Amino acid sequence: LRDIPSVMIQKTAHGHGSPYIRGFTSFRTLFLVDGIRLNNSVFRPGPNQYWNTVDPYGLDRMEVVKGPASVLYGSDAIGGTVNAITKGPTGYGEGVNVKQRIFYRFSTAEQSHTARYELSATFDHDFGVWVGGTYKDYGDLRAGDDTATQRYTGYTEWDGDFKLEYFFAPDTKLVFAQQVVQQNDVPRTHRTRYAKSFRGTTIGSDRLRQFDQERRLTYLQLIAEDMGKFVDAMRLTVSWHEQHETRYRIRGNGRDQYDGFDVGTLGLGAQFESATQIGYLTYGAEYYRDNVNSFSTRSLIQGPIADESNYSTIGVYIQDEIPVIDELDLIFGARYNYVRADLGQIQDPVRGTRFSYDDNSESVVGSARLVYHVLPDHWNVYGGVAQGFRAPNLSDLSRFGDARSNEIETPSVGLNPEYYIAYEIGTKVEYEDLSLQAAYYYTTIDDMIVRVPTGRIVRDNREVTKVNAGDGFVQGVELGTSYRFHPDFTAFGSIAWMDGEVETFPTSFPRSAREPLSRLMPLTGQVGLRWDAPDRNVWVEGLCIIADAQDDLSTRDTLDTSRVPPGGTPSYTVYSLRGGWKINDGVNLTVGLENLTDEDYRIHGSGLNEPGRSLNIGISIEF
């Protein structure tokens, strides 16, 4: 994702990454795994680690949609939507076909070892089995020359994925899949005494702060294509998704604390596609229900969010693609969404008493888009408007726990949905040797849920609660190009500029002020040159990434002193050299020399610095 314009990969910790897409992160970006929502009702605001519970080594590809896409994908699809498509059986043919793959990667800056095994077995054209497993051992991360080794930043992880496919017909299959991720002792070092100061950032006081994470996804999908009737394609899904999080903290005074939650999510989805006289229709419905339990050694009532709670959402949508003329397509759609939250046990932050709460909300959004095919299959110009929304989740309504550095969130019932409207124009050019993309977007923000300082001190931290008061905007320009100017040489580059403001409450007084959107991505660009050998068995690539300083800060950014240096995050320039060698049909070797100048730098809003000079070696063996 790092190489996509307008995407900034913030890292609170080595194992806690949270992409910002067009200015938004966390529950204002949506992650899907094979079309199933990773987002659930306990996702908290600001950077979190949940995207890091998806193993990239188990993915076939990722589909990225930037900007609001709530018509098709529902709540949270504001900054962008990412659909991670997992690997599955390959090599269908006559008889039994078995393929195996072993992969190993080593990195000096991460002091890491990653190993993966994959097995694909197919039986004629009817049945396939896929098994994959990954082990990751990350050591302490070594940053650039000045910061060097960042102690207590490593962790271990196990991942497993399993998939069965059965074909009733060549275009109709039943898929059963299961994925498991287990992360152990993932530290948030910036809040501990082991953090290293970077350009004036403060050192935490905790003796220990670490997370255990476990995610399990099981689903059954019936997928049919080219059905040849009124319904041309369909996808029916039943899923069960579990997430378990435990945080262990030892404060500077020696007091320890366990807290966390368990979430089980039942998902039902049906999506259809039909070619009709009024256009090509995509339509469907989905239902998700979260069952949530939370705990804390500091409270018998609730953990980070309300205990013994349920959160249900129902969505119905339709989109129509109409060829107005041969060169012009009109795409428009609409969605209705209903959400109900039943909060079982919530703690009053002042009285310490227990109470319950239930509420519901409804949202209706639409979108319209024009695509003009200047040169069919090569050059398109587009423009459109899209609404997005985010329904308040259990974290908004009932969170009782850490927010940003030295802040604590307390429950805030009675919130309404957030709404966004994005206007975008752009063009895409695609030839065999040339690709070009350019876009300008402007997104309005209405009733954004923002934190409001109350002036009270709760559990030795500044209390913040939440209200629907954040009106504002975010806008940006994206450019990207790739040009193969010689059969063996390709030049490529991209640049992204972003700006945004939103109403916030910068002080403990109930007075709002318009400030920069928190953690805005600075002006960032990259340029590179790639050489491919004539036989395409060897390639070499040079890459330079440049980011401007980010000193356009909100009050919340300036108060987050353990992650954002005084005055803002410095600029940086990073040079890397990478290459690969296809030794034979089954063996591939990759080598990367990253951060050649040993630049000591930090992605804006992160809690630790990026890797310094590093040698990364990967080898893949297929048989």
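Two strands count as paired if DSSP finds at least two bridges between them. By that criterion β25 and β26 are antiparallel partners, with 20 bridges between them. The structure described here is a predicted model. Its protein chain holds three helices and 33 strands. The radius of gyration is 24 Å, close to the 25 Å that the globule rule gives for 623 residues, so the chain is as compact as a globular protein of that length.

**Whole chain**

- The C-alpha trace of the protein chain extends over about 70 × 55 × 45 Å along its principal axes.
- Buried residues make up 54% of the 623 in the protein chain.
- Among contacts in the protein chain with a separation of 6 or more, 64% are between residues 24 or more positions apart.

- Strands of a sheet pair through backbone hydrogen bonds, in either the parallel or the antiparallel sense.
- β24 (418-430) and β25 (434-458) have a loop between them that contains Tyr431.
- β24 and β25 are antiparallel, and 12 bridges link them.
- Ala422 has Thr443 of β25 as its bridge partner.
- β25 also pairs in the antiparallel sense with β26, over 20 bridges.
- Ile445 is bridged to Gly472 in β26.
- The hairpin of β25 and β26 has two residues between the strands, and Arg459 in this hairpin has a positive phi near 50 degrees.

**Nonpolar surface patch**

- Tyr372, Leu375, Trp379, Val381, Tyr431, Leu434, Tyr483, Phe485 and Leu529 form a nonpolar surface patch of about 790 Å².
- The elements giving two or more residues to the patch are β20 (354-375), β21 (379-390) and β26 (461-486).
- Tyr431, one of the patch residues, has a relative accessibility of 34% and therefore counts as partly exposed.
- The partly exposed class lies between the cut-offs of under 20% for buried and over 50% for exposed.

**Four-stranded sheet**

- Four strands make an open sheet in the order β4-β3-β6-β5, and the pairing is mixed.
- β4 (36-37) and β5 are the edge strands, since each of them pairs on one side only.
- β3 (residues 30-33) and β4 are antiparallel, with two bridges between them.
- Val33 has Ile36 in β4 as its bridge partner.

**Gly67**

- Gly67 is in the loop that runs between β5 (59-66) and α1 (70-73).
- The relative accessible area of Gly67 is 5%, so this residue is buried.
- Beyond its neighbours within four places in sequence, Gly67 contacts Arg22, Ala77, Ile78, Gly79 and Gly80.
- Gly67 and Pro417 are 350 residues apart along the chain, and 18 Å separates their C-alpha atoms.

Definitions and conventions
Residues numbered from 1 in each chain as written. Predicted model: local features only at pLDDT ≥ 70, side-chain atom pairs only at ≥ 80, totals over all residues. Heavy atoms only, no water. Patch = residues over 30% accessible without salt bridge, like charges linked within 9 Å, V, L, I, M, F, W, Y side chains within 5 Å. Areas by Shrake-Rupley, 256 points an atom, 1.4 Å probe, with all protein chains shown as cover. Salt bridge = Lys/Arg side-chain N within 4 Å of Asp/Glu carboxyl O. Buried < 20%, exposed > 50% of the residue type's maximum accessible area, 1.4 Å probe, protein only. Contact = heavy atoms within 4.5 Å. Rg over C-alpha atoms; globule rule 2.2 N^0.38 Å.
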